[in-house]
Amino acid sequence: IDPNTYVLGPGDGVYLNVYAMHALDQDLTVTPDGKLLIPRIGEAQVSGLTVTDAQKAITKLLAREYKMPDASLSMRRVRPLKVSVLGEVLQPGIQTGTALQRVSEVIDRCGGLLKTSSLRNIEIRSPTGAVRARADLMRYYAIGDLKSNPTIEGGDVIVVPTVAHSISITG
């Protein structure tokens, strides 16, 4: 997990290590309202922050009680997410995954694509129904472009369309 890009959310487990104050070292879980509760210190709002930014917020919180605190956060447990997969997959339905998984992995857990499935223009919709991203698995499989195979977020709805046009060359 890249601490500069992974965004924390409710259910993530982290380990707080405070150098020279090992009594504060502990496993913590992000609460449903997005906070880390640090006994004897207070709470830090971390949901929506990268691990690196959350570490800075906790260091700032510790600075109220300690002179020049040196703290680090490391991931212990990645939160589970529920996403729905609809359309041209073998077994549409709700899947449980993690924020590290990509669209292709969730589709594989549904049994994979059908012969009539489009590898392009796969929509990833947010819980509000707005299109959050699009996946182009053809591009991902061809050149490994990770932007064409986005990671999932909680409540996403992945819609796999039917192939609209196809071209074949035989010889």
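Reader: Is D12 buried or exposed?
Author: D12 is buried, at a relative accessible area of 0%. Buried means under 20% relative accessible area, exposed over 50%, and partly exposed in between (1.4 Å probe, protein chains only).

Reader: What kind of model is this?
Author: This is a predicted model, where local features need pLDDT of at least 70, side-chain atom pairs count only at pLDDT 80 or more, and totals for chains, interfaces and linings use all residues. Residues are numbered from 1 along each chain as its sequence is written, and side-chain values use heavy atoms, with hydrogens and water left out.

Reader: Back to D12. Which side chain does D12 meet in a salt bridge?
Author: That of R79, at 2.5 Å from N to O. A salt bridge here is a side-chain nitrogen of Lys or Arg within 4 Å of a carboxyl oxygen of Asp or Glu.

Reader: Where do R79 and D12 lie?
Author: R79 is in the loop between β5 (71–77) and β6 (80–87), and D12 is in the segment before β1 (13–18), so the pair ties together parts 67 residues apart in sequence. Strands are DSSP runs (E, at least two residues), helices likewise (H or I, at least four), numbered from the N terminus. R79 counts as buried too, at 14% relative accessibility.

Reader: How many salt bridges does the structure hold?
Author: 10. Among them is E123 with R125, whose closest N and O atoms are 2.7 Å apart. E123 is buried at 16% relative accessibility, while R125 is partly exposed at 27%.

Reader: What about R132, which residue is its partner?
Author: E153, with the closest N and O atoms 3.4 Å apart. R132 is in strand β9 (residues 131–135) and E153 in the loop between α3 (137–143) and β10 (157–160), so the pair ties together parts 21 residues apart in sequence.
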